[in-house]
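Here is a short briefing for a first look. Keep the sequence and the 3D view side by side as you read.

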Amino acid sequence: MTGRRRCDSALVCAVVWVLAASAAGDVAFTASDVAVEFDFDDFRGAGFAPRPAPGALDSMAIIVTGLSDDAGSPMRFGDTRTGGDHARGTSTGGETIGGVYAFDVANGGTPDPALGVQPIAADFTPGRFLFRVRNDTGTAILAIVTSFRIYCRDDEGRSNRLLWEHSLDGVAFTGFAADSVVSPVGPDPSPTWVLARETSVAARFDPGIPPGAFYYFAFSSDDIAGSGSRDEFAIDDVRFVATIPQPATVGMVLLGALCLRTRGSRLRMDMAEDQGV
Ligand SMILES: [Ca+2]
Ligand SMILES: [Ca+2]
Ligand SMILES: [Ca+2]
Ligand SMILES: [Ca+2]
């Protein structure tokens, strides 16, 4: 009897494990014009995992590279990193230890956690936050609009840069008109979190991104000028919206083309009549 119970328990555990395992999955576009959004409001700087604990990030969708704790073993999607550089906890800023934080950028207002980083010589210089979203719409994606906010806290005498770029393979990245946020050399004697950029960038794809393929978006960092320690950065409200051809749209286009052809035929007929042919 005891053996049977153990067997049942093992079976239950196996089922639970399978269900838990199947819970991990890619973050995906499921339909046209439906936003995939990361507001980081539940992020507590608890690291990255494919089945993240509360306060951690889903490593199937977001990873970080360029941290010294990853030396020789760069983080990949689906990896688990829940300590050290990857999990520096929550903070309102003013940190000195390099790594990833859930920075509250509200400056004393209603808390607003964001995906933050304190770069140091060994961390994030260079480094990259990398997002990926899979196309689960069943149709090729023709365009993606990405929106985001970048905050900066100029509390040190060095200038650092954060630029945004995208990729279809996660290897070769293309920037958006060489645009970037560059923190002041400073430092500001009374540093606060400053919204350095709030923007949207659009990308079109021809051919489109096929079903099952990924879209990658990165925020990449490096030193620019000054000396000494480095400013703090935080990224928030990252939002992706994909556009696919809608059946109704395709129908309208086809109907429009048909009307054009019909009208063209009628015009040609009218001309022929005018010419007395
Ligand atoms: Ca937030
Ligand atoms: Ca480090
Ligand atoms: Ca600092
Ligand atoms: Ca600075």
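Pro 74 sits in the loop that runs between strand E5 (62-65) and strand E6 (90-91).

**Around Pro 74**
- Ile 63 is eleven residues away from Pro 74 along the chain.
- The C-alpha atoms of Pro 74 and Ile 63 are 9.9 Å apart.

**Overall fold**
- The chain contains two helices and 15 strands.
- Of its 277 residues, 33% are buried.
- Take the contacts with a separation of 6 or more: 73% of them join residues 24 or more positions apart.

**Nonpolar core**
- In soluble globular proteins, nonpolar side chains tend to be buried together.
- In this chain, the largest nonpolar core holds 52 residues.
- Ala 114, Phe 129, Tyr 151, Ala 234 and Ile 235 have the most contacts inside that core.

**Confidence**
- The average pLDDT of the chain is 85, and 80% of the residues score at least 70.
- Residues 1-23 have a pLDDT below 50, and this stretch makes two contacts beyond near neighbours in sequence.
- Residues 253-277 also have a pLDDT below 50, with one contact beyond near neighbours in sequence.
- Where pLDDT is low, the predicted coordinates should not be read in detail.

Note on methods. Residues are numbered from 1 along each chain as its sequence is written. Chains are lettered from A and ligands numbered from 1 in the order in which they are written. A nonpolar core is a set of buried Ala, Val, Leu, Ile, Met, Phe, Trp, Tyr and Cys residues joined through C-beta atoms within 7 Å. A residue is buried if 20 or more other C-beta atoms lie within 10 Å of its own, exposed if 12 or fewer, and partly exposed in between; C-beta atoms are placed from the backbone. Helices (H or I, at least four residues) and strands (E, at least two) are DSSP runs, numbered from the N terminus. Two residues are in contact if their C-beta atoms, placed from the backbone, lie within 7 Å. pLDDT is the predictor's confidence in each residue, from 0 to 100.
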